[in-house]
Amino acid sequence: MAISAMTHTNVTTDQLALLSLKSQIISDPFHFLNESWSPATSVCHWVGVTCGSHHQRVKFLNLSNMALTGKIPCELGNLTFLVFLNLGSNNFHGNLPLEMARLHRLKVLDLSFNSFSGEVPSWFGFLHQLQFLSLRNNGFTCSLLSSFSNISKLETLDLAFNSLDGQIRKEIGSVEYLRNLNLYGNNLIGSIPPSLTNASRLETLDLSRNLLQGYISEGIGNLHNLNFLSIQDNHLIGSIPFTIFNISKIKVLAFTKNSLSGDLPNGLCNDLTILKDLYLSYNKLHGRMPTSLSNCSQLQMLSLSYNEFDGPIHSEIGKLSNLQELYLGYYHFTGMFLLH
């Protein structure tokens with residue numbers, strides 16, 4: 001009897017938390033919550049809610065793509081059995097309440113494509129079970145906090161299209177299981193921390209459209225699992241480390257719109273046998289076109305325009321049978337270009 005009463009109390013706690021959320025929704029145009037979220041029925045039967053089979057506590061809450069408008073109440077932090085929370089693609093706004101730090105079982109948190117604002121909360125560091133975190137397309141500010149290094153199981157961190165400023169903290173390189181890091185479209189400054197090259201499990205890294213300066217570390221070649229690397233539209237200088245061209249798993253390599261200089265190695269494509277897209281336009285690269293380009297047999301996009309290359313265009317480029325787009329304009333190539 002005592003166990004039954006406790007379960008009922010806990011379920012009531014979840015119900016009150018969700019009803020509090022409902023009370024903060026000022027627009028529900030498709031009546032998802034208005035028609036379903038009623039105290040007359042069990043929360044486990046509400047739209048977007050899934051309960052655990054044992055305790056009947058709310059474990060999954062998926063309200064994505066419902067065109068909801070409102071704020072998140074502090075009571076949401078009482079859903080302490082929550083493992084999965086997706087509020088993506090709605091019109092939620094305001095700050096994230098501190099009480100969400102109590103959601104210590106969370107593995108997936110998706111708040112993307114909303115209008116949240118304020119600083120990226122430091123309490124994310126208390127969500128030790130978190131594996132996936134997406135805050136993309138919001139209005140979050142502040143720099144990347146060192147608290148992310150406390151989330152040792154984090155695999156995906158997507159903060160693209162916010163208003164983050166300051167520098168990328170060196171602690172980000174100590175997130176052991178990080179596979180996907182997307183910081184595209186922010187206002188981050190300073191250099192790319194060399195410690196980022198310690199995140200050896202990284203598969204995708206996108207730092208494009210920021211205000212990053214300085215050099216690309218030679219250590220980036222240690223990221224052997226990378227298949228997507230994009231650092232476009234920044235203020236990087238110096239040469240592209242040759243170690244990058246040893247990352248055999250890479251499919252997309254993009255450095256367009258920087259101030260990178262130096263030559264490209266002749267053996268650029270010796271190890272890049274599955275490279276599909278190579279974006280190097282709008283830099284200050286010079287020297288001659290690499291003779292090994294034909295080894296990038298899977299290449300579909302090759303963009304080298306607006307650089308300072310000279311010398312002949314090698315006929316080997318005509319052997320790229322998968323090539324769909326080729327941009328070579330506005331530099332000093334000589335001779336004739338014959339496609340086979």
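**Disulfides in a predicted model**

C269 is buried, at 0% relative accessibility (buried means under 20% relative accessible area, exposed over 50%, partly exposed in between, with a 1.4 Å probe and protein chains only). The structure is a predicted model: local features need pLDDT of at least 70, side-chain atom pairs count only at pLDDT 80 or more, and totals for chains, interfaces and linings use all residues. Residues are numbered from 1 along each chain as its sequence is written, and side-chain values use heavy atoms, with hydrogens and water left out.

**Disulfide count and pairing**

- The model has 2 disulfides, each defined as a pair of cysteine sulfur atoms within 2.5 Å.
- A disulfide is a covalent bond between the sulfur atoms of two cysteines.
- With the bonded cysteines numbered in sequence order, the pairing reads 1-2, 3-4.

**C269 and C296**

- C269 is joined to C296, with an S to S distance of 1.9 Å.
- This link of C269 and C296 is left-handed, at -100 degrees about the S-S bond.
- C269 sits in the loop between β18 (259-262) and β19 (277-279), and C296 in the loop between β20 (284-287) and β21 (301-303), so the pair ties together parts that are 27 residues apart in sequence.
- Strands here are DSSP runs of E with at least two residues, helices are runs of H or I with at least four, and both are numbered from the N terminus.
- C296 is buried, with 0% relative accessibility.

**C44 and C51**

- The sulfur atoms of C44 and C51 are 2.1 Å apart and form a disulfide.
- The link of C44 and C51 is left-handed, with -95 degrees about the S-S bond.
- C44 is buried at 17% relative accessibility.
- C51 is buried, at 17% relative accessibility.

**Two further cysteines**

- C74 is partly exposed, with 34% relative accessible area.
- C142 counts as buried, at 17% relative accessibility.

**D14 in helix α1**

- Helix α1 covers residues 2-23 and includes D14.
- Is D14 buried or exposed? D14 is buried, with a relative accessible area of 1%.
- Leaving aside residues up to four places away in sequence, D14 touches R57, V58, N78 and L79; contact means heavy atoms within 4.5 Å.

**Confidence**

- The protein has a mean pLDDT of 92, and 93% of its residues reach 70 or more.
- pLDDT is the predictor's confidence in each residue, from 0 to 100.
- Over residues 1-8, pLDDT stays under 50, and the model has 1 contact beyond four places in sequence for them.
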